[in-house]
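Visitor: Hi, could you walk me through a structure? I'd like to go topic by topic.
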Amino acid sequence: MDKQLLLICALTFIIHIIGTLAYSVRIAGIRTRRIAVSLALFSILMLLSRTSNSFLGPFLAKRVETGIDQHVAASTLLVDFRWLLFSASLATILGAILIPTFQRAFCRAVEHFQVHRSVPKLLLHAVFKGGLSYLKTSASLPKPANVTGLRQQSGVSISMTAMNVIATALWTVGVFAALYAGVLDPSVRVTSSTLSSIINGGATIMMAVFIDPHMSGMTDDVIEGKIEESQFRRAVVWLVGSRLAGTLIAQFLLVPSAVVIVGVAKNI
């Protein structure tokens, strides 16, 4: 693995770990009873994660262009995309492990934001005023009960879980499939690259219209005492698990999606 690929893998890793850790903000909102503030921070993290996926395009496009110019085999470039998708899955797993730790850190962040009402001040506080050291003192591993209790009612239906799997898979593979389509047929690589926004946009709409509002409703239910916090935590575990499943399924969708994009690009 060369330095360029390592950099792109690192960017992919950061994007997906941010998206996974965003779930801990909701838990922090329940703990602090600052729902509106926590939702604002959640929206910022999810926006950062979902839109940052587009910034991978220029780095990866450059690698694809170089590979095409040097007549690198499509199978060789496919291995690069496999590594990127593996980075996404690895980031999701690590993010799931770190949720208890960051949940405690975000509780403090929510309380700080409630006082200062400024995201830049919050970031400065996190970096320069002991925010990072607080992560050491609040470090905690997931409790086994959160996993063993998954058979109990979680509040997340099978259809909602499946939708999260599909949305995550499409969002994860969108940019990669569009650029790999250019490898399969360089004559339409520019058109193919622009089609990634359609795939990612559809996945983002699914998340924003169906999944995020459902979790917001569950958050209100916890505050109102309609459901227990433990049930909400199980729902988060299910969503994180379905997110991981989505990144794994993206491995199987990569080549078929690229082939479909090539066909669409040729017939536009």
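Guide: Happy to! One term to begin with: a residue is called buried under 20% relative accessible area, exposed over 50% and partly exposed in between, with a 1.4 Å probe and protein chains only. This is a predicted model, where local features need pLDDT of at least 70 and side-chain atom pairs count only at pLDDT 80 or more, while totals for chains, interfaces and linings use all residues. Residues are numbered from 1 along each chain as its sequence is written, and side-chain values use heavy atoms, with hydrogens and water left out.

Visitor: Good. How many salt bridges does the structure hold?
Guide: There are seven. The term stands for a side-chain nitrogen of Lys or Arg within 4 Å of a carboxyl oxygen of Asp or Glu. One of them pairs Arg 189 with Glu 65, at 3.1 Å from N to O.

Visitor: Where do Arg 189 and Glu 65 lie?
Guide: Arg 189 is in helix α10 (residues 189–194) and Glu 65 in helix α4, so this pair ties together parts that are 124 residues apart in sequence. Helices here are DSSP runs (H or I, at least four residues), numbered from the N terminus. Arg 189 is partly exposed at 27% relative accessibility, and Glu 65 is partly exposed at 30%.

Visitor: And what does Asp 185 form a salt bridge with?
Guide: With Lys 266, where the closest N and O atoms are 3.0 Å apart. Asp 185 sits in the loop between α9 and α10 and Lys 266 in helix α12, so the pair ties together parts 81 residues apart in sequence.

Visitor: Is Asp 185 buried or exposed?
Guide: Buried, at 13% relative accessibility.

Visitor: Switching to helix packing. How do α9 and α12 cross?
Guide: The axes of helix α9 (residues 158–184) and helix α12 (residues 229–267) come within 5 Å and cross at roughly 35°. Axes are lines fitted to C-alpha atoms, for helices over the stretch in contact, and angles run from 0 to 180 degrees between N-to-C directions. The crossing is right-handed, a term for the near helix being turned clockwise from the far one by less than a right angle.

Visitor: How do the residues of that contact divide?
Guide: Into 22 nonpolar, eight polar and one charged. Ala, Val, Leu, Ile, Met, Phe, Trp, Tyr, Cys and Pro count as nonpolar, Asp, Glu, Lys and Arg as charged, and the others, Gly among them, as polar.

Visitor: On to the surface. Which residues form the nonpolar patch?
Guide: Met 1, Leu 6, Val 79, Trp 83, Phe 86 and Leu 90, with about 600 Å² of accessible area together. Such a patch takes nonpolar side chains (Val, Leu, Ile, Met, Phe, Trp, Tyr) joined within 5 Å, from residues with over 30% relative accessible area and no salt bridge. Areas come from the Shrake-Rupley method with a 1.4 Å probe. Helix α5 (residues 74–116) gives the largest share, four residues.

Visitor: What about Met 1?
Guide: Met 1 is found in the segment before α1 (3–21) and is exposed, at 57% relative accessibility. Met 1 and Asp 80 are 79 residues apart in sequence and 8.5 Å apart in space, C-alpha to C-alpha.

Definitions and conventions
Patch = residues over 30% accessible without salt bridge, like charges linked within 9 Å, V, L, I, M, F, W, Y side chains within 5 Å. Helix = DSSP H or I, 4+ residues; strand = E, 2+ residues; numbered from the N terminus.
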